[in-house]
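Hi everyone, thanks for coming.

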Amino acid sequence: MAATSTEEASAYDRLLAKYKRVANIQNAAGLLSWDQQVVMPDEGTPARSQQMSTLSALSHELLTDDEFGDLLDEVEASDLTDEQADVVRELRRDYERAARVPSELVEQISAASSEAIPSWKEAKAEDDFSTFAPHLEKHVELKRQYAEYIDPDRDPYEVLFEDYEPCLPLEQAEEILAEVREVLVPMIADIRDSDVELAVDAFEGEYPADEQEELARDALSTLGYPWERGRLDTAPHPFSSGTQFDARVTTRYDESDPLGSLFSTIHEFGHALYTLGLPDEHYGTPLGESRNLSVHESQSRLWENHVGRSHGFWEHFMPTFTEHFPDIDATVEEAYEAANQVYEDNFIRVEADELTYHLHIVIRFELERALISGNLDVEDVPEAWNDKYEEYLGIRPETDTEGCLQDIHWAYGNFGYFPTYSLGSIMAAQLFASASEDIDDLDEKIAAGEFGDLREWLRENIHQRGRRYETNDLVKLATGEDFAADDFLSYVEAKYAELYDI
């Protein structure tokens with residue numbers, strides 16, 4: 001990136017150098033977080049809590065020191081290239097948001113998260129919400145303080161949402177989600193009234209975890225996961241984390257549900273592929289970082305739903321599946337139907353079908369808004385959760401383990417996170433529709449196990465652009481259209497009308 005003068009290049013380069021120190025500390029903290037969830041001994045929490053707290057405070061102090069602010073002012077007053085101006089815009093947003101929050105509070109939030117994670121694991125295992133409740137209470141209190149420091153005059157939930165989707169107004173997000181909800185609720189009702197019987201029992205049986213792991217590894221290799229920059233492990237809640245040089249995938253195994261681990265693995269592959277597709281040369285700068293969680297989720301949902309749940313994918317992958325589990329007696333068509341069934345009684349979001357999934361998100365969205373606003377007490381979360389499942393999905397969890405304790409995100413204090421899941425699914429449909437127009441015979445390529453063109457299209461149109469463009473601009477550049485729900489609604493209406501004859 002050429003600058004207009006030696007002096008300006010020096011100021012700009014010094015600004016980036018300071019930010020790289022922040023990014024490296026945050027990436028190191030991410031690795032410690034991966035370790036805590038995957039391999040850390042059970043009693044490692046006290047030390048890990050202090051380590052994470054120290055790193056959070058240190059990165060916050062570096063980002064908000066006077067020299068960083070002075071360099072921003074100096075660089076902004078100079079003539080910049082368009083790319084430099086975009087980088088500085090991102091750094092200004094990060095700086096101003098962080099500068100409003102005291103380091104002590106950042107440290108408290110990090111420590112609270114480290115302490116909450118093992119408590120959540122214990123509470124989930126023991127089906128005991130009361131074990132986790134004090135930690136959730138603390139997170140809610142700390143996040144209210146956090147939002148008030150950033151902007152005391154705005155809805156605190158709107159402020160928290162910007163941590164995960166800083167470029168998309170919450171009002172726009174709500175309008176898109178409302179449009180989807182209005183279509184999905186009657187569609188799901190029609191599906192439940194349908195007389196069509198899909199091959200929902202196609203994968204009934206027992207599938208040993210070690211063989212499922214081998215299947216997951218084959219799926220990752222088939223899709224193009226570069227093992228020299230990644231690895232596969234297990235975690236209570238599947239996730240992916242890392243950098244463009246090291247992006248790791250986790251999954252979990254249920255010996256009665258091989259599709260669960262398979263789709264979790266493909267989902268996390270999408271996340272990892274985005275991370276790995278960020279430009280190497282811009283590591284540690286906004287140009288080498290992902291845009292936000294909505295865009296990140298679009299990548300995982302694209303690979304999970306538009307690839308992994310497609311008829312073409314099962315045409316290609318079914319022989320691999322039967323190689324690992326030769327007793328399976330399902331056709332490609334039956335596998336496709338089983339992969340796309342709409343569940344009547346599923347309580348678990350990460351195991352949800354493609355349609356009811358979004359009602360799981362709406363429930364969490366509404367509950368955490370009520371928590372942050374003070375309209376819902378923490379002690380009342382289990383009952384409120386169960387009531388909403390009964391209202392929206394017609395089912396009522398019998399335990400907190402399958403109810404309000406199923407997700408790890410509140411253990412991290414991640415309020416404002418959940419809407420990005422549905423927004424990502426909606427964005428995925430728009431991106432895949434555009435990729436299908438640009439790539440000749442994409443469906444046939446998927447059926448042949450040829451994923452290179454799709455990987456390259458995503459790398460060029462999304463991954464390589466880092467944080468240069470804001471969300472709406474990035475979608476417009478990639479697809480030529482404004483971000484909207486149209487392609488998602490067209491996709492699900494056509495797909496499920498054919499499956500269920502509605």
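Let's start with β2 and β3, which pair in the antiparallel sense over four bridges. Two strands count as paired here if DSSP finds at least two bridges between them. Helices (H or I, at least four residues) and strands (E, at least two) are DSSP runs, numbered from the N terminus. In general, strands of a sheet pair through backbone hydrogen bonds, either parallel or antiparallel.

Before I go on, a quick word on the model. It's a predicted one, where local features need pLDDT of at least 70 and side-chain atom pairs count only at pLDDT 80 or more, while totals for chains, interfaces and linings use all residues. Residues are numbered from 1 along each chain as its sequence is written, and side-chain values use heavy atoms, with hydrogens and water left out.

Okay, back to the sheet. A hairpin takes you from β2 to β3 through two residues, and Ser240 has Val249 in β3 as its bridge partner. On to β1: it pairs with β3 (residues 246-251) in the parallel sense, over three bridges. There, Thr234 stands opposite Thr251 in β3.

So what is the strand order? It's β1-β3-β2, in an open sheet of three strands with mixed pairing. The edge strands are β1 (232-234) and β2 (240-243), each pairing on one side only. On average, neighbouring strands in this sheet are turned by 25° against each other, ignoring direction.

Now, which helix lies across β2 and β3? That's α10 (residues 258-277), running at about 165° to β3. For angles like this, axes are lines fitted to C-alpha atoms, for helices over the stretch in contact, and the angles run from 0 to 180 degrees between N-to-C directions.

Next, a helix pair. Two packed helices are described by the angle between their axes and the distance between the axes. For α8 (residues 170-193) and α21 (residues 486-500), the axes come within 11 Å and cross at roughly 0°.

Who meets whom? From α8 we have Glu179, Val180, Val183, Leu184, Met187 and Ile191, and they meet residues of α21 including Phe488, Leu489 and Tyr496. Contact means heavy atoms within 4.5 Å. By class, the contact of α8 with α21 has 10 nonpolar, no polar and three charged residues. Ala, Val, Leu, Ile, Met, Phe, Trp, Tyr, Cys and Pro count as nonpolar, Asp, Glu, Lys and Arg as charged, and the others, Gly among them, as polar.

Let's go inside. The largest nonpolar core has 133 residues, and Trp303 is one of those with the most contacts inside it. Such a core is a set of buried Ala, Val, Leu, Ile, Met, Phe, Trp, Tyr and Cys residues joined through side-chain atoms within 4.5 Å. Not counting residues up to four places away in sequence, Trp303 touches Leu223, Ile266 and Phe451, among others. A second, separate core of 23 residues includes Ile25 and Leu72.

The cut-offs are under 20% for buried, over 50% for exposed and partly exposed in between (1.4 Å probe, protein chains only).
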